[in-house]
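Biologist: I am new to this structure and would like a close look at a single part of it. Please take the charged pairs and go through them one at a time.

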Amino acid sequence: MKSAHDEQEARLRERLLLGRAVPGDRLMLADATLLAALDGSRVLTPNERQALSASPLTLRRFRQLSLELQAAPSQSPHAANDPVWTGSSGMLRAAATVTALESLATDDGCWTLHFLPQGEGWQVILGLSAEASFAPRLLREHVMVRVIDGGGAIILQGRLDADGECECSWPFATPPARHFQMYGAGFAVEPVPA
């Protein structure tokens, strides 16, 4: 049993961590990454743990997601192969940084990001795997999806077409591989709330 003193000390530590001000602080990890860490389906990498501890804003978001999960235990997170899809995440692998980045896939294999050179920049194409159990529903409903980087910035947002694709121009000045490295090497594909 925790003593009242231990609980008070823990609350004080939490306030100090969450309340500190860090100049230029922003969300360093995507919700999908934080939720996967909370439900135990994915362990945070050392770089992700460092980003989490260095960013009070990201810590506050992590805490909020944890509280929401505790408040709604009946709404357990869905597995990637469930017909109901709540998001997918992936990482830039070290091998992808050696040459020009051509594609990235989510850890569950349901989504692929393709990067095609276009003039001075790139075209980004998000593709849904026909093998994903939730693909028929997403295609039928023309679901609005977005891809965010590890910092929470939107890379691509739009409705899936009949082929399960969505595309746009790369929105950043830095090349894709370097951009992902700057933001923890992670990305997530999420449904856009209606």
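At 10% relative accessibility, does Glu190 count as buried or exposed?

Modeller: This is a predicted model, so what follows describes a prediction. Glu190 counts as buried, because its relative accessibility is 10% and the cut-off for buried is under 20%.

Glu190 has a charged partner. Its side chain meets that of Arg146 in a salt bridge, with 3.1 Å from N to O. Glu190 belongs to strand 8 (residues 186-191) and Arg146 to strand 5 (residues 144-149), so the pair ties together parts that are 44 residues apart in sequence. Arg146 has a relative accessibility of 22% and therefore counts as partly exposed. In this pair, then, Glu190 is buried, whereas Arg146 is partly exposed.

As background, side chains of opposite charge can pair when their charged atoms come close.

The structure holds three salt bridges, and the pair of Glu190 and Arg146 is one of them. Another joins Arg61 to Asp31, where the closest N and O atoms are 2.6 Å apart. Arg61 counts as partly exposed, at 25% relative accessibility. Asp31 counts as partly exposed too, at 22%.

There is also a salt bridge between Arg137 and Glu141, whose closest N and O atoms are 3.2 Å apart. Both residues lie in helix 5 (residues 135-141); because they are four residues apart there, about one helical turn separates them. Arg137 is partly exposed, with a relative accessible area of 25%. Glu141 is partly exposed as well, and its relative accessible area is 44%.

Pro117 is exposed, because its relative accessible area is 70% and exposed means over 50%. Between the C-alpha atoms of Pro117 and Leu101 the separation is 10.0 Å, and the two residues are 16 residues apart along the chain.

To return to the part you asked about: Glu190 is buried at 10% relative accessibility, and its salt bridge to Arg146 connects strand 8 with strand 5.

Key:
Residues are numbered from 1 along each chain as its sequence is written. This is a predicted model: local features need pLDDT of at least 70, side-chain atom pairs count only at pLDDT 80 or more; totals for chains, interfaces and linings use all residues. Side-chain values use heavy atoms; hydrogens and water are left out. Buried means under 20% relative accessible area, exposed over 50%, partly exposed in between (1.4 Å probe, protein chains only). A salt bridge is a side-chain nitrogen of Lys or Arg within 4 Å of a carboxyl oxygen of Asp or Glu. Helices (H or I, at least four residues) and strands (E, at least two) are DSSP runs, numbered from the N terminus.
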